[in-house]
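Here is a friendly walk through one protein model and its ligand. Have the 3D view open as you read.

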Amino acid sequence: MASPLLRKPSLVHEGDATIVHQLLAQDTGLEYVGFKMIDLKVKARYEETLTDQECCIVALTGRITVSEGEHHFTGIGTRESVFEKKPTDSVFVSGGKQFLLEAVTNATVALCYAPSLQQLPTRWIKAGDVGVERRGKYQNQRMVHNILPDSDPSASSLLVVEVYTEGGHFSSYPPHKHDQDRLPEESFLEETYYHEVEPHTGFVFQRVYTDNRSLDETMSVEHRDVVLVPAGYHPVGVPDGYTSYYLNVMAGPKRIWKFHNDPDHEWILARQ
Ligand SMILES: O=C(O)C[C@@H](O)[C@H](O)C(=O)CO
C-alpha cells in the first residue's frame, strides 16, 4: 500500500494552468505548511487571493512576471531546469494580498504557504541574493540554496530551501527531526519535500520515522513526487547515477529551524 506521506503528481487543469500538486491543509492534515506546484504554458496566467496564508512564489523553471498591487517583477526566473544547479528568483507575498503570475516562457512555479502572522512588504528574493551552502563530507555532501532561511526576516512563518544531492550520497542526513516545540534545543516545524530526479526515470529513497517508530515509512520517491513530513527524522538516499533535487517548505509556531539529530547516527558528523 502506498504511504499516506507520498503524494504523486495529479495534473489538474485549471484555466491556463496545470496544477501538478495541491497540498493544502484539507489534503494533508498539516497545520502550518501548504504547497502547490503549477505548470504554465507560455502566456498562461494564474491568479490567487491569499487570505490568512503568506506565500513564497518560486520561479522553479522558466520565466514569469509576478504582479502584486503596484509591484511588477517582470520576466523573473533564471533556469530551464533545476539541474542547472543555479539559484532562481522568488517573490514573497503576505496574507490578504492578491497576486498574478504570467508565463513569459513555459514555466513551473512552486507556491509555498504558511500562516501569515504579520503584514510584511512584498519582496523579490533575487537569485543573486540566495545563499549557496555546501554541507557535509564524504557521501554526505550536498548543496543547499537558502531561499528563505530563518536568518531572513522577510517572512513571518515560512522557511524555503532547495537541496541537491549527487548519486550515491545521502542528504537530510545524519537523520534529523524538528517535531518538538522545546527551544532552544529543538523547534516544531512541519515540512514538505518536492522531489525532482535527473534523469527523470530515476528514484530516491526517503524514510520518515520517529524514535518510538509509531511512524516509520520508507518510500521510493520518483520525479515530481512530494513527501509530507508531519514529524520525525527524514533522511534521503540517492542511487548511483542519479542526481536528486528537492524543494523544502517548513513552518511551525516559531520561525526557527532548530533540529535534533538521531543520536544513533550523529557519530557520522564526527568522522575525520
Ligand atoms: O542539510 C540537508 O541535507 C537538507 C536538510 O536540512 C533539509 O533542508 C531539511 O531536512 C530541513 O529540515
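## An open sheet of four strands

Four strands make up an open sheet, running in the order β16-β24-β21-β22 with antiparallel pairing. Strands here are DSSP runs (E, at least two residues), numbered from the N terminus, and two of them pair if DSSP finds at least two bridges between them. β16 (170-171) and β22 (216-222) are the edge strands, each with a single partner, so one side of each has no neighbour in the sheet.

Phe-170 has Gly-237 in β24 as its bridge partner.

## How to read the model

This is a predicted model, in which local features need pLDDT of at least 70 and side-chain atom pairs count only at pLDDT 80 or more, while totals for chains, interfaces and linings use all residues. Residues are numbered from 1 along each chain as its sequence is written, and side-chain values use heavy atoms, with hydrogens and water left out.

## A hairpin to look for

β7 (residues 64-68) and β8 (residues 71-76) are antiparallel partners over four bridges. Together β7 and β8 form a hairpin with two residues between them, and Glu-68 stands opposite His-71 in β8. In the turn, Gly-69 has a positive phi of about 55 degrees.

## Around the ligand

Now to the ligand. There are 15 residues around it, and the ones that come nearest are Arg-135, Arg-142, Ser-172, His-178 and Asn-248; a residue is counted as near if one of its heavy atoms lies within 4 Å. By class, this shell holds six nonpolar, six polar and three charged residues. In this scheme Ala, Val, Leu, Ile, Met, Phe, Trp, Tyr, Cys and Pro count as nonpolar, Asp, Glu, Lys and Arg as charged, and the others, Gly among them, as polar.

Oxygen atoms of the ligand take part in several N or O pairings. A backbone N or O atom of Ser-172 lies 2.7 Å from a ligand oxygen, and a polar side-chain atom of Tyr-193 lies 2.8 Å from a ligand oxygen. For Trp-257, an N or O atom in the side chain is 3.0 Å from an oxygen atom of the ligand. The elements that give two or more residues to the shell are β15 (159-165), β20 (190-198) and β25 (243-251). Of the elements, β25 gives the most, with three residues.

Key
Polar contact = N/O pair within 3.5 Å; in protein donor to acceptor, adjacent residues only side chain to side chain.
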